[in-house]
Amino acid sequence: MTSETSRPGDLLVRVGAAVFAVGAVATLVTITPLFLGWDPLPTAAYLVSMLMGVGFAVAGAGVLRSIAAQRREARESSSH
């Protein structure tokens, strides 16, 4: 952990990045047999590849949550 305080949305961004990474690796593993002329992997491998999009969406939600929190803080500080 760093000395920075955790802000709203940080955890979502980190989880989203991890899920995206898993999906990206799964995508590489899934398309490799297609380029090498091997038999395609089962459908489950393709479903795991979809985690890349899910991770992107989760990280995006974290960014939007962080933006909303920063706007709220700015509004509260300017009204005082």
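At 36% relative accessibility, Thr 32 counts as partly exposed (buried means under 20% relative accessible area, exposed over 50%, and partly exposed in between, with a 1.4 Å probe and protein chains only). Thr 32 lies in helix α1. Between the C-alpha atoms of Thr 32 and Arg 7, which are 25 residues apart in sequence, the distance is 39 Å.

The model is predicted: local features need pLDDT of at least 70 and side-chain atom pairs count only at pLDDT 80 or more, while totals for chains, interfaces and linings use all residues. Residues are numbered from 1 along each chain as its sequence is written, and side-chain values use heavy atoms, with hydrogens and water left out.

The secondary structure of the protein consists of three helices and zero strands (helices are DSSP runs of H or I with at least four residues, strands are runs of E with at least two, and numbering starts at the N terminus). From the N terminus on, the order of elements is α-α-α. The radius of gyration, taken over C-alpha atoms, is 19 Å, well over the 12 Å that the globule rule gives for 80 residues, so the protein is more spread out than a compact globule. The globule rule is 2.2 Å times the number of residues to the power 0.38. The C-alpha trace spans about 65 × 25 × 15 Å along its principal axes. Of the 80 residues in the protein, 16% are buried.

Helix α1 (residues 10-36) packs with helix α3 (residues 51-79) at an angle of about 165 degrees, and their axes are 7 Å apart. Axes are lines fitted to C-alpha atoms, for helices over the stretch in contact, and angles run from 0 to 180 degrees between N-to-C directions. The angle makes α1 roughly antiparallel to α3 (under 35 degrees counts as roughly parallel, over 145 as roughly antiparallel, 65 to 115 as roughly perpendicular and the rest as oblique). Residues in contact (heavy atoms within 4.5 Å) include Val 19, Phe 20, Val 22 and Gly 23 of α1 and Leu 51, Met 52 and Val 54 of α3.

Leu 51 belongs to helix α3 and, at 31% relative accessibility, counts as partly exposed. Leaving aside residues up to four places away in sequence, Leu 51 touches Val 19, Phe 20, Val 22 and Gly 23. The C-alpha atoms of Leu 51 and Val 22 are 7.0 Å apart, although 29 residues separate the two along the chain. Among contacts in the protein between residues at least 6 apart in sequence, 73% join residues at least 24 apart.
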